[in-house]
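Have the sequence and the 3D view open side by side.

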Amino acid sequence: MADDRDRDEIAVAEFHKKIKEAFEVFDHESNNTVDVREVGTIIRSLGCCPSEGELHDLIAEVEEEEPTGYIRFEKFLPVMTEVLLERRYRPIPEDILLRAFEVLDPAKRGFLSKDELIKYMTEEGEPFSQEEMEEMLSAAIDPESNSVLYKDYITMMVIDEN
């Protein structure tokens with residue numbers, strides 16, 4: 001099974017390169033550390049979509065014994081490599097996202113108003129923070145209709161697996 005092992009080694013090398021590039025974007029001091037608050041953004045930029053709870057667990061795994069507010073690359077790399085190899089925190093498939101939006105749109109209009117979106121995202125389930133809400137609105141709201149045309153939004157949101 002040498003070719004499987006070779007393929008895994010190539011995958012690991014690719015992941016290491018991607019992780020290093022993503023990490024370096026936020027390593028403002030160029031000292032192989034990033035602010036702990038940037039870790040979620042780094043992980044998401046690598047195509048992973050952990051919940052807040054999963055993100056919290058992941059940070060706990062890569063943090064120092066005595067938290068410093070910074071994450072070191074050498075602790076982040078092996079954990080993140082494992083996450084990518086195991087394909088953990090994969091994004092939700094397009095059809096499931098569409099069904100979720102359709103549940104919020106029983107009249108099947110194909111859109112949600114800005115107010116409806118804010119209400120659902122801040123009052124239901126795991127509520128969005130103000131910052132997350134602003135980020136979503138800037139990407140999701142069609143300025144002309146002041147609503148979310150959710151089929152377009154989902155198409156834009158879904159990460160191409162290839």
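**Two packed helices**

In this predicted model, α3 and helix α4 (residues 73–85) pack at an angle of about 140°, with their axes 9 Å apart. Axes are lines fitted to C-alpha atoms, for helices over the stretch in contact, and angles run from 0 to 180 degrees between N-to-C directions. α3 and α4 are therefore oblique to each other; angles under 35 degrees count as roughly parallel, over 145 as roughly antiparallel, 65 to 115 as roughly perpendicular and the rest as oblique. On the α3 side the contact (heavy atoms within 4.5 Å) is made by Leu 58, Glu 61 and Val 62, and on the α4 side by Lys 75, Phe 76, Val 79 and Val 83.

Residues are numbered from 1 along each chain as its sequence is written. Local features need pLDDT of at least 70, side-chain atom pairs count only at pLDDT 80 or more, totals for chains, interfaces and linings use all residues, and side-chain values use heavy atoms, with hydrogens and water left out.

Now find Glu 63, in the loop between α3 (52–62) and β2 (70–72). Helices (H or I, at least four residues) and strands (E, at least two) are DSSP runs, numbered from the N terminus. Leaving aside neighbours within four places in sequence, Glu 63 touches Val 36, Ile 71 and Lys 75. Is Glu 63 buried or exposed? Glu 63 is buried yet has no salt bridge. Buried means under 20% relative accessible area, exposed over 50%, partly exposed in between (1.4 Å probe, protein chains only). A salt bridge is a side-chain nitrogen of Lys or Arg within 4 Å of a carboxyl oxygen of Asp or Glu. The nearest side chain of opposite charge, Lys 75, is 8.8 Å away; Lys and Arg count as positive and Asp and Glu as negative, while His and the chain ends are not counted.

The protein as a whole has eight helices and five strands. Of its 162 residues, 30% count as buried. The C-alpha trace spans about 55 × 40 × 25 Å along its principal axes.

The count of salt bridges comes to 12. Arg 37 forms one with Asp 35, the closest N and O atoms being 2.6 Å apart. Arg 37 counts as exposed at 70% relative accessibility, whereas Asp 35 counts as buried at 17%. Glu 116 and Arg 109 also meet in a salt bridge (2.9 Å, N to O).
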